[in-house]
Amino acid sequence: MNSTIFSYFSQSKELSTIISGLSKSLGFDATSLVAFIVFAIACLVVVGALATIGGLGTYAERKISADLQARQGPNRVGPYGILQFLADGVKMILKEDIIPANADRFTFILAPFLCMIGVFATLAVVPFSSGFTLTDLNVGIFYLVGMASLVGVGVFLGGYSSNSKWSMLGGMRGASQIISYEIPATITIISIVLLAGGLSMGTLIGGQGGMPQEWYMFHNPFAFIGFFVYFISALAETNRAPFDLPEAESELVSGYHTEYSGMRFGLFALAEYIEVFVVCGVATALFLGGYKVPFELGTGAILVEKLGLDIMLAKNIGQVLELGSFFTKTFALYYVVIWVRWTLPRLRVDQLMTLCWKYLTPIAIFNLLGCAVWMYAFNGKSIYSLIFETASTVAGHH
Amino acid sequence: MFSNTLFMLSAALTLGGAFAVVYSQNLMHACIYLLASLFGVAGLYACIGADFLAATQLVVYAGGVVILMLFAIMLTGGTGNKINRYGLEKVAAMGNKKTYFTAGFAAVVTSLIILKIIASVLRAQPSKELAANQVTVEKLGTLLATDHILAFEISSVMLLGALVGAAIISRPRKEKHD
Amino acid sequence: MSTLNLDVYMPVVILIVLATLVAGGSLLVGGLIRPHNPTKLKETAYECGEEPIGTAWANFNVRFYVIALIFIIFDVESSLMFPVAAVFKRFNEIGLGGTLLMSVLTFVLVLVAGLVYCWKKGDLDWVKSFHATKVNIAAKEK
């Protein structure tokens, strides 16, 4: 059941010849060794790509905000200022590293590491395409929820360790906000698990199709509301505006990372931007059909049939199309996240808690029950297929 | 090959974290070491193929209980001063010789009892190979929905009790006028 | 593939190690080239230009703790719901969807009762003092 990027590559003959050759020369079964090398390379690629996306996220943030406010935005470094994030990175590294004298040193150093580990570990199950998922664990989405909760610990410890009042308030707020909004997000995820019948990313996406009417978002009215509940909770979980209370600059200076300077602050920021990508990717996978391409182009079967291509080549083309599909949807959501940030004013902390516990959680529970009843009443059919069937029977009668 | 590595890493994390919890004199640090230890336990669960249990360990313990403990420590005002406002030492017995002696004695007794209990398991012939990768989630779900449905339903009543209890305990006491 | 294949957890371990390496590496590389002139003033915590008064580690409000407690209960609930939700589709296909639906409904509604209780008693309110005074005022008016 567990399929990984390694099992995708082992479809090709070259890899099996390499494995058998290595096994002969080394004298033991080299499958694990080759798997390790493949995984290590793939992980490096993913981490490199995601770090670049996180960096470009800061650039996109500034450029889009500039667009929305009729300004120029960064436009000096590189064409259209696109290399700004590299300049920022160099600046971060060159900044002096200051640890407050009264701070709890051990925790102060550990906090950004916890955020980074929590976010990077979630990348293991993000489904970039059907072949290029680092590892499609059986408990995929549940594992992701668990790993992402490490970020909350990191944010809290960052705030606690600085021994500054602003940081402490920001850290407490951040941790309580992250854990509160985890509840509606998790319950909404359960309602999608109910529709798909499995926890692995492969199963969750496999139940959907490439066309919008086959997505879980348009499966039934409850899932449609669920998408917005999940998206709002995801915004709050990643501390994005309008829920950026832990780092609200108008009241808490800079929140939990007030005392962090240079690269230590950079690690918090990088973790945040990558986490935004991850939650957008999860929203895509759960509600927007994930990596599915219309007309089943992703499997490459049609290409083999119609164009007579080599099977492996056709599969690779299919994978590229799937990657394109996934990244297009995810970046569209990423744009919405930034757009929301520069459009809506920040909530007050009591409004934040009211929104979570008195609106989103009841709605999420209602959606969960609604999805269960829908599954039972209509035998798991989507609203589109119901309309289609009714229409065809009506047309058949006349 | 890799299963050994995973086991070693998880076991080292579990034991090292647990030792550091006892060793540390700072409550906040002890809590972080506990997080490492709980993480290691999740790895150990993954080693024996209980993937859902491992993920639950992450979600409930690493993500939930540790945060709850951190908040609880903050109720007492963190670890800035080692003496609370009633003049009592907060971490009276952490990190001194008494701790090691008590912990060592407790560990010996507990391990003797556990060894006695699992002696039959240890003496039995080990099976040739471990079970194949199974979808433990669906097995669990099927069992919860059929054989153990009563336990499933009663657990919700237990959670309800915990929810109401938590709310009542933390409610500020009403000041009696008149 | 008859034996337990743990290779699927390889990326998890690799990614955790990579995260540590990226974070630690960038700090180490920076350590070689960045300036390091700490002064006493630099190392004080920021408090709007004033000298910090006391420590930030004060006793915190109990409401954070309440939120964490309620969170844990819902967390446990959702981890119990996940396996049942995962088999719902299969049960529905073999015609047992109704029974499972009833058990899920019972399970969730019992917890909803708890949520409603907390809501009515004002435990979900962030600003509790305001609520309490409102009740007091209402009581006095009577």
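Tutor: In this predicted model, the contact between chain A and chain C takes 71 residues of chain A and 57 residues of chain C.

Student: Which element gives the largest share of the side of chain A that touches chain C?

Tutor: The elements of chain A that give two or more residues to this side are H3, helix H4 (84–94), H5, H7, H11 and H14. By class, the side has 45 nonpolar, 19 polar and seven charged residues. The largest share, 14 residues, comes from H7(A).

Student: How many residues does the largest share of the side of chain A that touches chain B hold, and which element supplies them?

Tutor: The contact between these chains takes 25 residues from chain A and 21 residues from chain B. On the chain A side, helix H5 (105–122), helix H6 (140–161) and helix H7 (165–196) each supply at least two residues. The largest share is 11 residues, and the element that supplies them is H6(A).

Student: How many charged residues does the side of chain A that touches chain B have?

Tutor: The chain A side of this contact consists of 25 residues. By class, 17 of them are nonpolar and seven are polar, and the number of charged residues is one.

Student: Turning to chain A itself, what is its radius of gyration, and why is chain A described as being as compact as a globular protein of its length?

Tutor: Chain A has 15 helices and two strands. For its 398 residues the globule rule gives 21 Å, and the computed value is close to this, so chain A is as compact as a globular protein of that length. Its C-alpha atoms fill a box of roughly 75 × 65 × 40 Å along the principal axes. The radius of gyration is 23 Å.

Student: Are helix H3 and helix H11 of chain A roughly parallel or roughly perpendicular?

Tutor: Helix H3 (residues 31–68) and helix H11 (residues 262–287) of chain A pack with their axes 8 Å apart, at an angle of about 100°. Angles of 65 to 115 degrees count as roughly perpendicular. The relation of H3(A) to H11(A) is therefore roughly perpendicular.

Student: Which residues of H11(A) are met by H3(A)?

Tutor: By class, this contact has eight nonpolar, three polar and no charged residues. From H3(A) come Leu50(A), Ala51(A), Ile53(A), Gly54(A), Gly57(A) and Thr58(A). Their partners in H11(A) are Leu270(A), Tyr273(A), Ile274(A), Val276(A) and Phe277(A).

Student: Is helix H9 of chain A largely enclosed or largely open, and how many of its residues are buried?

Tutor: Helix H9 (residues 221–237) of chain A reaches 24 Å from its first C-alpha to its last, close to the 24 Å expected at 1.5 Å a residue. H9(A) is followed by Asn239(A), whose phi is positive, near 60°. H9(A) is largely enclosed by the rest of the structure, because its buried residues number 13 of 17.

Student: Is Thr361(A) buried or exposed?

Tutor: Thr361(A) is found in helix H14 (residues 349–377) of chain A. Beyond its neighbours within four places in sequence, Thr361(A) is in contact with Ile183(A), Pro184(A) and Cys356(A). The C-alpha atom of Thr361(A) is separated by 9.7 Å from that of Glu182(A), 179 residues away along the chain. Because it has 24 C-beta neighbours inside 10 Å, Thr361(A) counts as buried.

Student: What percentage of the residues in chain B are buried?

Tutor: The secondary structure of chain B comes to six helices and zero strands. Among its contacts between residues at least 6 apart in sequence, 59% join residues at least 24 apart. Of the 178 residues in chain B, the buried share is 28%.

Student: Which residues are in contact with Gly40(B), leaving aside its neighbours within four places in sequence?

Tutor: Gly40(B) lies in helix H2 (residues 27–47) of chain B. With 21 other C-beta atoms within 10 Å, Gly40(B) is buried. Its contacts are Ser10(B), Ala11(B), Leu13(B), Thr14(B) and Gly17(B).

Conventions: Residues numbered from 1 in each chain as written. Chains lettered and ligands numbered in written order. Predicted model: local features only at pLDDT ≥ 70, side-chain atom pairs only at ≥ 80, totals over all residues. Helix = DSSP H or I, 4+ residues; strand = E, 2+ residues; numbered from the N terminus. Expected span 1.5 Å × (residues − 1). Buried ≥ 20, exposed ≤ 12 C-beta atoms within 10 Å, placed from the backbone. Contact = placed C-beta atoms within 7 Å. Nonpolar A, V, L, I, M, F, W, Y, C, P; charged D, E, K, R; others polar. Axes fitted to C-alpha atoms, helices over the stretch in contact; angles between N-to-C directions. Parallel < 35°, antiparallel > 145°, perpendicular 65-115°, else oblique. Rg over C-alpha atoms; globule rule 2.2 N^0.38 Å.
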